[in-house]
Amino acid sequence: MARRKNISKQTQRLLMALFETPGQWWYGYELSKLTGLKSGTLYPILMRLDDQGYLASEWRDPDLPGKPARHVYRLTSEGKALAAQIETTIDANNIGLAQGEVTP
Amino acid sequence: MTPSCYRKAANGLLRYAQKIGHPDRAPWIRAMAAETRSIKSDFGALEFALGSFIAITKETLRMQRFEPVVRWFLVCSSLAWAAGKIYLVVALWEKSVATPLWLTAILALEAVVYAASAFSLLTKKYLLFCVFLILALATNSALFGFAQFQFLLVDFQPAESLTWYFAVISEEYFMWTAMLFGALVILALKNFDRAKAALLPSMS
């Protein structure tokens, strides 16, 4: 059996949020509002996911002149696969809880 | 419209983050700054900037964890050696042990060299630290050589503490090697990217 990755709840929340809107690019502040994660928690996760190849990021020109370019993010195919795997695990856990499994 | 104090504080925090942040994370700091500027609420911008600042600080510490550990180990080692030399000089002086002046002078010089090497490490001047270590090696070699010469020709009888000192002097050579190696490792790590870019441009 493959060893389960140790992924924090915050990372799972972010991955799930991005997984629900595949292909859509998100700004950092939007992600913060979407997931409820503060920037101090969100950015280390984004950096880590980006380093590991689960996240794609690029600079997007501003809508208004005089504003700086902004970074946008979305899941890569590897990121989507990881998110799908996590979703399956969460679903399995939820089913287990619903059926009255006792966890230590 | 003038920016509020919250907005100024947010901008100041992110400017400071740019200064202290790890160079590899520079684009991320720019991204955080851009996001902060896009937030309409001044207090919200400060809150976001504060979180970003904490994230960058943590990230920088995580990425540089190797260097401070080795550096502080070397600083403590250098200071311990300096303290040992000073202790020996003072002990010899207080006990009025018949010690040649040159021996006391070299011991004192070694204490200064070790203290200087610790200071050079604190200010992150690794090349200077290597120079001080080589200087310490030279003074200790001179001390060892002169002492041997003195024992053989003048029948100099060292005090107990000095006998102990000459016994551990060879241990000190191992210590130097370890310290020099540590400093060289730090230098190599700090310049790894630059060296790689120069030597292997296609890979960087």
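This is a predicted model: local features need pLDDT of at least 70, side-chain atom pairs count only at pLDDT 80 or more; totals for chains, interfaces and linings use all residues.
Chain A has 104 residues, of which 26% count as buried. Its secondary structure comprises 4 helices and 3 strands, and along the sequence these elements follow the pattern α-β-α-α-β-β-α. Among the contacts in chain A with a separation of 6 or more, 52% are accounted for by residues 24 or more positions apart.

Chain B, with 204 residues, likewise has 26% that count as buried. Its secondary structure comes to 8 helices and 0 strands, so that its elements, taken from the N terminus on, read α-α-α-α-α-α-α-α. In this chain, residues 24 or more positions apart account for 69% of the contacts with a separation of 6 or more.

In helix α1, residues 9-19 of chain A, the residues A:Thr11, A:Leu14, A:Leu15 and A:Leu18 are buried. They lie on the same side of α1(A), because the arc they cover around the axis is only 100°.

The buried residues of α3(A) are A:Ser39, A:Thr41, A:Leu42, A:Tyr43, A:Ile45, A:Leu46, A:Met47 and A:Leu49. Just after this helix, A:Gly53 adopts a positive phi of about 85°.

The discussion now turns to the meeting of the two chains. Here 15 residues of chain B are in contact with 14 residues of chain A. On the side of chain B that touches chain A, the elements giving two or more residues are α2 (26-38) and α3 (42-63) of chain B. By class, this side of chain B has 8 nonpolar, 3 polar and 4 charged residues.

The largest nonpolar core has 36 residues, and those with the most contacts inside it are A:Tyr43, A:Leu46, B:Leu14, B:Ile29, B:Met32 and B:Ala49. At least two residues of this core come from each of α1, α2 (28-35), α3, β3 (70-75) and α4 (77-98) of chain A, and from each of α1 (5-20), α2 and α3 of chain B. The element that gives the most to this core is α3(B), with 7 residues. Apart from this core lies another, of 19 residues, which includes B:Trp81, B:Ala82, B:Leu121 and B:Phe129.

B:Ala49 is located in helix α3 of chain B. With 28 other C-beta atoms within 10 Å, B:Ala49 is buried, since 20 or more are required for that label. Leaving aside neighbours within four places in sequence, B:Ala49 is in contact with B:Ala10, B:Leu13, B:Leu14 and B:Thr36. B:Ala49 and B:Arg7 stand 42 residues apart in sequence, while their C-alpha atoms are 9.3 Å apart in space.

Methods: Residues are numbered from 1 along each chain as its sequence is written. Chains are lettered from A and ligands numbered from 1 in the order in which they are written. A residue is buried if 20 or more other C-beta atoms lie within 10 Å of its own, exposed if 12 or fewer, and partly exposed in between; C-beta atoms are placed from the backbone. The arc is that of the directions from the helix axis to the C-beta atoms. Two residues are in contact if their C-beta atoms, placed from the backbone, lie within 7 Å. Ala, Val, Leu, Ile, Met, Phe, Trp, Tyr, Cys and Pro count as nonpolar, Asp, Glu, Lys and Arg as charged, and the others, Gly among them, as polar. A nonpolar core is a set of buried Ala, Val, Leu, Ile, Met, Phe, Trp, Tyr and Cys residues joined through C-beta atoms within 7 Å.
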